[in-house]
Each structure stands twice: as C-alpha cells, then as structure tokens.
Amino acid sequence: MLRKKRTYFAIVMMLVFGLILSACSSNNSSSSSDEKGGDAGSDSGSTQDLIIAQLSEAVSLDPHGSNDTSSSNVAYNIYEQLVYHDENMELAPGLAESWELIDDTTWEFKLREGIKFHDGADFNAEAVKKNFERILDPDVGSPRAFLYEMIDSIEVVDDYTVQFKLQYPFAPFPAHLAHNGGGIISPNAIEKDYEGMKNGDEPGAYISLNPSGTGWFKLDEWKSGEYIKLVRNEDYWGEKAKLDSVTFKVVSESLTRVAELESGTSHVIDPLSPSDISRVESLANASVHKQPSLSLSYVGFNMEKEPFNDVRVRQAISMAIDKTQIIDGIYEGTGVPATGPIAPHVWGFDESVEPLEYNVEEAKALLAEAGYADGFETTLWTNDNPDRVKIAEYVQSALSEIGIDVKIEILEWGAYLEQTAAGQHDMFILGWTTVTADADYGLYPVFHSENVGDPGNRTFTKDAELDKILEQARQENDEATRLDLYSQAQEKLVEIAPMIYLLHTDFIVGIDNKVKGFEITPAGMFKLKDVTIE
C-alpha cells in the first residue's frame, strides 16, 4: 500500500513539474516572438501589430532615392509631404496648411508649426528648403529630380513660410509636391548623409538605414531580406496611429502568402495574384480588397537596340498581342485594356485616341517590311512577380506565331531595376503609376529623353517632337491648351510604340477580416494610420 501511494505521489509531481516547464517554455517563446516583431496570429491584449507579407523587399527608405512601390509603401508611412491627395485624388493640406500662386512662377506655402522629426529636429521652412535642394543636387542624383526640375530657387520668407520660384509656369506643381518622392526628411539626417558621401558612401546610404520623417510610424528594425518593422510615432503632431507596429515581411511565393493569410500568420498579402482571388474569397477569415488604380502594366522595348530601333518592329509586336487574353486569362478580368500610357481617371486622358489593334497578319506584314520576315531571337525580362511571369509566357507564345523566338529571363527585383535603368535589356515587363493623377507625371518621366534610365524612361525613348510637346504641356497654364497637347502626345506615343500598353489593373490585396480601416490610395500606397485589428 505504501508503494502504491509513493507511486501515485511521484506521478502527480511529474505532472505538476511538466506543467511548470510548459509554462516556462511558453513564456520564453512569447518573449522571443516579441523580439522578432510579434506573431500576426496572436492579437490578444491591447497590442496592435499588423503583418504585411509582400513580394519584394524595399530597395531604400530614402524617399528621394527610391522609385519602386515596395520602397514607397514603407516610406509613405514614415515621411510626410507638404500636400496630399485625398481618397478622391483632390489636393489636401499635409505639412503645409495652405498654399497659393503669388504670380505665374511663384508658389507660396504656409507650414504647420510645432512639428518634430523622429530624431527631434524641428520642421520649418529651412528644413523644406534643404530637402528640395537635396533632391535637385546633381551629386545626389535623385531619380525624383524630374518632379521638381522646374524649381529655380527656394526662398525662406519666415520660419513657417516658404516660396518656390519656378523657371516657368507649371500648373501641376502642388500635385507634384503630393508625390511621395517629396517626403520631407530631417535636416539632421540630410547633413549626416552628406558627411557619409564625403567619406565615399553612396547618396542616401545613411538616410535609408536611419530614416527620420514626421510621419505616424518610425523605423524600429530592418533585417535585410526578411522584414522591415515600423513602430508608432508616439510624438506625432496630429492624431496618432492606432497600430503599435507594422511589419513588412518578404514572402516571395504567392501560394505561401495565401497560406499565411489563411493561417493568420499575416494580416495583409500583397500582391494577391488574380489566380488566387477565388481561393481568398472562399476563406472564412479573409477577403479581397480592390482599389481602381492609376497604373499601367506594359511590355517595354529597348529602343537603342536592334531590331527595336525600328518602329515597324515595335508596332508589329504590339499588334501580335491580344490584351483581352491577358486581362481575362491572367488578371481574371480585374483591369481594362490600355490604349496608351495613362489611365482613364488621370487628368489629360483622351478617350478618342485609337490604339494599335490586335492583328496578327498585319504584324507579319510589318515584320517582313522591316526585313524580318523570318523573325528573330530576343530576350524578355521580368522580375519574379507571378503575374508578370505569366504575361511573359503569353508574350513568348504569341510572338512565336509571327516567327519571333523569345527567351524569358527572371531577375531579382533590385538587379532588375538597376539593369533595365542601365539599358542592358531587350524587352521587359514593368508598370508605372501616375501618382499625381496628372498626365504630366504619366508621360514626362517615362518618355522624355532627359529621363532615360532610372527616373522612368527605361525604353530609352528619344523623340524630339514628343519632347517638345511634353515640355510645352507642363509649362502651359491654360487647361484647354494642356489637354490638346496631351492628346497630341498620346497619339504620338501610339504611333512610335515604345512599349505595348497592356492594361490598367486594379490594386488587389488579400486582407484578414479582423483588419479595419485599411486603405490603398489610387496611387497604390498603403495608408496605415487608421488601421486597427479587432
């Protein structure tokens, strides 16, 4: 009997000890999770940690030095602009309370007072002046410089009044200030970045790793190749963000992103491939979020390389592509065919412009006329976006019908941007969003000869007549005259065909039903200030 009692006591003690170990293990695991940015599947208590799984990592957190969506989406929540676009793409006050046109070439902005940057520096007119002088500094080589190249000088009137003197009248100037490339950086960070440049660092090296804006979030940790974590700016000048933190996590596989949404490991997945829409719509815990966009998806040609320096070859390839097959077969109908480079909701769009129609026989005739009756071999580049890979495969198949043998090459995102900017490609697949909602931004950076390479003109379009039209349009204050010039530009761009204008897509993400207040601007930026997790 004594032995049985001892045995029973021993078993009880082992169970108790096991529970204690389990509790300790659980506590240690929780601590580790917090150090790594938390678990998106655990929203207990008051913590609000949003996890976004995205295809590509940010290239840079310097808003003046990056020109890609992955970087811009993070930077958009760190920095603020003088002016914003609201949900209707109307201009609204940002760091500037008001603005007015003093004369044809002078814009004056009244700034908000009492605002601090994340590093404690004061926001004022001097900070604004320092930012735009940096963007325009040729030593910095900002890919955003084209946005503000019309600025002749920046004058500080007083601590909270600044004037921009322009070289010529430029009607959409406030809209350009609303671009996220006009994000205002701490003057202290700018000075340290210049110090780094003197020591041989690349422009933006310090700012990218030590971003300091006035926005509702600030950088907490960047683990390259894995995630970027932002935390709430507790000293924000206005209403603070509701989230405690946001983690932008790199998840390159689309099916893995969907699985993370389904399991609750991630709250938002971007992009959501159209082929995965039905799967997400069937989930009990998640749904599809769509936003009509100002974007263009295109296949670009390198016009400095043979045979793409021949307009007949470019037109032939454009006419061999059936856009409806791409929209219906790849994008599940979530988009409209593009007639030219700018979307229907962009100011300056001309619906009367006729596109190059799908016509395989005419495409063959044009190729023969150009001396390529038997076709040729070429390469088509894309990054690892699954929808772009599918477009590449469709283009490969379609061009084989007119004798063109296409080899597909998939590049890592950073290398893809760098090498297409350097003109090392034949054909490539990319997109462009007219962030300002004005035709100038949809055309000038993408097609003007001064902007070849990194600023946006990766087709290396150099057309003197087109340059003249675009220059006149951005300097014209009369709306009717501007509209006529942009109509001429769109007709010209259909004719010279520097790219295949495929479609204007919707922005599509998968989102957990617990997430409330999530917004995507028509320009494709994630606005996370008012997001909560139930």
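This dialogue covers the cavities and pockets of a predicted model.

Trainee: What should I know before reading the model?
Mentor: Local features need pLDDT of at least 70, side-chain atom pairs count only at pLDDT 80 or more, and totals for chains, interfaces and linings use all residues. Residues are numbered from 1 along each chain as its sequence is written, and side-chain values use heavy atoms, with hydrogens and water left out.

Trainee: What is a cavity, and how many of 30 Å³ or more does the structure hold?
Mentor: On a 1 Å grid over the protein atoms alone, a cavity is a set of points where a 1.4 Å probe fits but cannot get out. Points join across faces, edges and corners, and volume is the space filled by probe spheres set on them. The structure holds three such cavities of 30 Å³ or more.

Trainee: Which residues are closest to the centre of the largest cavity?
Mentor: Lining residues have an atom within 4 Å of a point. Here 48 residues line the cavity, and T69, R388, G431, T433 and F507 are the closest to its centre.

Trainee: How does the lining of the second largest cavity divide by class?
Mentor: Ala, Val, Leu, Ile, Met, Phe, Trp, Tyr, Cys and Pro count as nonpolar, Asp, Glu, Lys and Arg as charged, and the others, Gly among them, as polar. That lining has seven nonpolar, five polar and no charged residues. H85 and M89 are among them. The space is about 90 Å³.

Trainee: What is a pocket?
Mentor: An open set with protein on both sides within 12 Å along at least five of seven lines. Of its 22 lining residues, V59, G65, S66, P143 and D454 lie nearest its centre.
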